[in-house]
Amino acid sequence: MALPRITLPLVPTERAAWLIAAFAPVALIIAAIAPQMWVVAPAAAIVLIGLIILDGLLAGSCREWVVQAPSDTEVGQSTAIEVFARFARVIALQPEAAVEFDPRLGQSGRATVKLLRDKESGTRSGAFDVFPERRGTAEISRAWLRWTGPLGLGARQTSKVLEKELRIWPDLSPVRSRELQTFLRNSQNGLIARRIRGEGTQFEALSEYEPGMDRRRIDWKASARHNHLYARENESERNNQIVFAFDCGQAMCEPVDGMPRIDRAVSAALTCCYVALKGGDKVSLFGFAQRPQVMTPFASDSRAFHRLQSAAAALDYESTEPNFTLALATLTAKLQRRSMIVLFSDFTDPTAAEMMIESIGRLVDKHLVLFVTIADSELETFVSEEPSDIATLARSVTADTLATQRSIVLQRLRRMGVDVVEAPWDQIGYRLIDRYFIIKNSEAIG
């Protein structure tokens, strides 16, 4: 985008500031030794100011400059922001750009980059990477451009308002991974709806029994009628309802390895959503904190996956404790048939966990509940830390107490009939997919 040529402000550089600072004691010495030479100091200052102005004028003007950034990115993924500039003269030295943006993009909301010259086109360009830390819409608000003259004493600079918006979506890199795509192509519940012998409980057909088949599949009544062994061929159940429920409260907004737990959970859930849609099941998303945030209609086709992604991007971060009673009661009222509810949550103390356990207990009577939580690696580090002093020992004991309480809560959930998945953040998605297939093939949902 071309800008009209205008008179740009001249500013002294760091080198000029150091020269002025160095000249101050010299002026004092001259004034003390030879007071009659006092005129030397202001004359030298005027000369220095003139050199600064001349140097800034020799730097030339900027014909055009532009800041380019993608309109969409994903949380936690490297995103490049580029700056391009063209100057009226090649004498301009050390051009540098500064960009101000939303702090959710990282780097405390500000970054600087030096512009290098392309010998063929003469254009100066530079780029820097940001790593979005939270979902939402981040604004790239303002940019500054500065370049110096040949002496390095004077610089010219300009700025402009950008008002660019960068939409930050949930991380879908696990969905695009080669491992998952290969798995979907080769899995039994993959891209093609195949009838699977020996899986599920829905009867499909009879076939002659062959060595190697599961003997539990032998249909003894049919075998007695035909005087030959026949085995049942079953097909895995499809069209199950699966709800991915997200606790967006305070505990889930705490970071794990530089990113909020809720974003780690959303990435794992969307990966499992994609697999479930490919397997013929229906998927819905539900988010809550003190009150329900999002409840999507059930999607039954992988072509509707982008709607789930948009709904997940709208999940807000809240610094309050979640209201499990209201949220799960609302969810139960909206479900008309038995479903699998995958609940992503975390807890920091037994008191908060009590309300969660009580609310989940009411779900277990009607639905199959899978509780997913990210393992707290920080607690494990504190517990295993060598107690070299009193403070370290106290931290280790406290961490061990919290880890024990956490283990007790998860054990209580298992005794209630809740399936629990606890794993590090980088494994939670694959553990969830594995558990989904186990539950699906056991026909426990319907």
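Is Arg261 buried or exposed? In this predicted model, where residues are numbered from 1 along each chain as its sequence is written, local features need pLDDT of at least 70, side-chain atom pairs count only at pLDDT 80 or more, and totals for chains, interfaces and linings use all residues. Side-chain values use heavy atoms, with hydrogens and water left out.

Arg261 counts as buried because its relative accessibility is 8%, where buried means under 20% relative accessible area, exposed over 50% and partly exposed in between, with a 1.4 Å probe and protein chains only. Arg261 belongs to helix H6 (residues 261-278); helices (H or I, at least four residues) and strands (E, at least two) are DSSP runs, numbered from the N terminus. Leaving aside neighbours within four places in sequence, the contacts of Arg261 (heavy atoms within 4.5 Å) include Glu254, Asp346 and Asp376.

Strand E10 (residues 154-169) pairs with the strands tabulated here, pairing being counted if DSSP finds at least two bridges between two strands.

| Strand | Bridges to E10 | Direction |
|---|---|---|
| E1 (residues 10-12) | 3 bridges | antiparallel |
| E3 (residues 72-74) | 3 bridges | parallel |
| E9 (residues 136-148) | 12 bridges | antiparallel |

Within E10, Gly154 is the bridge partner of Pro12, Gln157 stands opposite Arg146, and Trp169 stands opposite Glu74. E9 and E10 form a hairpin with 5 residues between them, and in its turn Gly152 has a positive phi of about 75°.

The protein averages a pLDDT (the predictor's confidence in each residue, from 0 to 100) of 82, and 88% of the residues score at least 70. Over residues 1-7, however, the pLDDT is below 50, as it also is over residues 188-201. Where pLDDT is low, the predicted coordinates should not be read in detail.
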